[in-house]
Amino acid sequence: MSVVSVRDARKRFGSQPVLKGVSLEVSEGEVVAIIGPSGGGKSTLLRCLTLLERLDAGELTYGELEVASDDAGGARYADRSVLAQAKARFGLVFQNYNLFPHMSVLQNVMDAPIHVAGRDRREVEAQARSLLAQMGLEGAAEKMPSRISGGQAQRASIARALAMQPDVLYFDEPTSALDPELTAGVLGVIRELAKERMTMVIVTHEMAFAREVADRVVFLDGGVIVEEGTPQQVFDAPREARTKAFVAGA
């Protein structure tokens with residue numbers, strides 16, 4: 001069974017269709033990179049997968065949980081208890097960190113496991129400190145977000161997402177707000193998670209990184225999946241003319 005599956009996903013904003021029947025399954029331990037031009041639907045797909053937006057039509061499941069089903073009137077979403085269970089199965093790392101500015105780095109990582117998952121504070125703190133060490137942030141635990149670099153803030157946001165022990169971790173252009181030196185540190189963390197077989201879906205404009213870390217690359221353009229395959233196939237021997245043009249210009 002796939003960790004997450006979306007079928008025939010459709011979404012429009014006003015009269016503008018953004019997703020035009022996208023289907024995607026992600027298996028446990030798989031790293032999927034989603035690439036494509038701006039406005040192609042990448043971030044909208046990610047927002048629908050993470051329940052920040054609702055599909056107009058299509059199906060969405062997390063394992064055995066049926067989150068949205070398709071009927072004649074459009075996508076029908078499950079009740080709040082099922083949606084809460086689904087939200088506990090994924091973590092999302094935003095472009096711009098979204099750390100709580102009034103909390104220390106450690107408190108940011110601990111907040112959701114305590115107040116959302118209801119876990120023991122001592123257990124959560126031990127896990128949070130371990131995650132921060134894994135991210136190379138041992139010395140930043142007590143600092144406020146305003147006192148750390150952008151690269152450190154992004155690594156803290158990854159630790160925060162991992163603290164909820166998700167089945168799948170989503171990244172929305174995780175390095176777009178960083179300069180090249182800080183980008184390398186964040187990509188290094190994601191690279192290590194991939195080695196540990198963390199299930200991940202990464203929307204990225206870093207083509208070399210997608211080639212290196214992904215098991216599968218999905219090229220999304222014009223609200224449809226134009227092509228998908230291994231990094232070698234998509235980057236070195238694309239079948240579709242649109243993919244060839246995009247890869248050549250990237």
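In this predicted model, the cover over the buried residues of helix H3 includes helices H4 and H5. H3 is mostly covered, with eight of its 11 residues buried, and these buried residues are Val105, Leu106, Asn108, Val109, Met110, Asp111, Pro113 and Ile114.

The packing of H3 against H4 can be described in terms of its geometry and of the residues that take part in it. Helix H3, which comprises residues 105-115, and helix H4, which comprises residues 121-134, pack at an angle of about 130°, and their axes lie 9 Å apart. Because an angle counts as roughly antiparallel when it is over 145 degrees and as roughly perpendicular when it is 65 to 115, H3 and H4 are oblique to each other. The crossing that the two helices H3 and H4 make is right-handed. On the H3 side of the contact stand Val105, Leu106, Val109, Met110, Pro113 and Ile114, and these meet Arg121, Val124, Glu125, Ala128, Arg129 and Leu132 of H4.

The loop between H3 and H4 contains Asp120. With a relative accessibility of 40%, Asp120 counts as partly exposed, because buried means under 20% and exposed means over 50%. Between Asp120 and Pro166 there are 46 residues of separation in sequence, and their C-alpha atoms are 18 Å apart in space.

A further pair of helices is formed by H5, residues 150-162, and H6, residues 180-195, which pack at an angle of about 20° with their axes 8 Å apart. H5 is therefore roughly parallel to H6, since angles under 35 degrees are counted in this way. The crossing in which H5 passes H6 is right-handed. In this contact, Gly150, Gly151, Gln154, Arg155, Ile158 and Leu162 of H5 meet Leu182, Gly185, Val186, Val189, Ile190 and Leu193 of H6.

Turning to the strands, an open sheet of five strands is found, in which the order is S2-S1-S4-S5-S6 and the pairing is antiparallel. Strand S2, residues 16-26, and strand S6 stand at the edges of the sheet, and each of them has a single partner strand, so that one side of each is left without a neighbour in the sheet. On average, neighbouring strands of this sheet are turned by 20° against each other when direction is ignored.

Within the sheet, S1 pairs with strand S4, residues 57-62, in the antiparallel sense over five bridges, and Val4 stands opposite Tyr62 in S4. Ser5 lies in strand S1, which spans residues 4-13. Since its relative accessibility is 5%, Ser5 counts as buried. If neighbours within four places in sequence are left aside, Ser5 is in contact with Leu24, Glu25, Glu59, Leu60 and Thr61.

Ala57 belongs to strand S4. The relative accessibility of Ala57 is 17%, and Ala57 therefore counts as buried, because the limit for a buried residue is under 20%. Not counting residues up to four places away in sequence, Ala57 touches Asp8, Ala9, Arg10, Asp70, Gly74 and Ala75. The C-alpha atom of Ala57 is separated by 8.7 Å from that of Ala68, and these two residues are 11 residues apart along the chain.

Strand S5, residues 65-71, and strand S6, residues 74-77, pair in the antiparallel sense over four bridges. S5 and S6 form a hairpin, with two residues between them, and Asp71 stands opposite Gly74 in S6. Helix H2, which comprises residues 80-87, lies across S4, S5 and S6, and the direction in which H2 runs is at about 120° to S5.

Methods. Residues numbered from 1 in each chain as written. Predicted model: local features only at pLDDT ≥ 70, side-chain atom pairs only at ≥ 80, totals over all residues. Heavy atoms only, no water. Axes fitted to C-alpha atoms, helices over the stretch in contact; angles between N-to-C directions. Left-handed = near helix turned anticlockwise from the far one by under 90°. Contact = heavy atoms within 4.5 Å. Pairing = 2+ DSSP bridges. Buried < 20%, exposed > 50% of the residue type's maximum accessible area, 1.4 Å probe, protein only.
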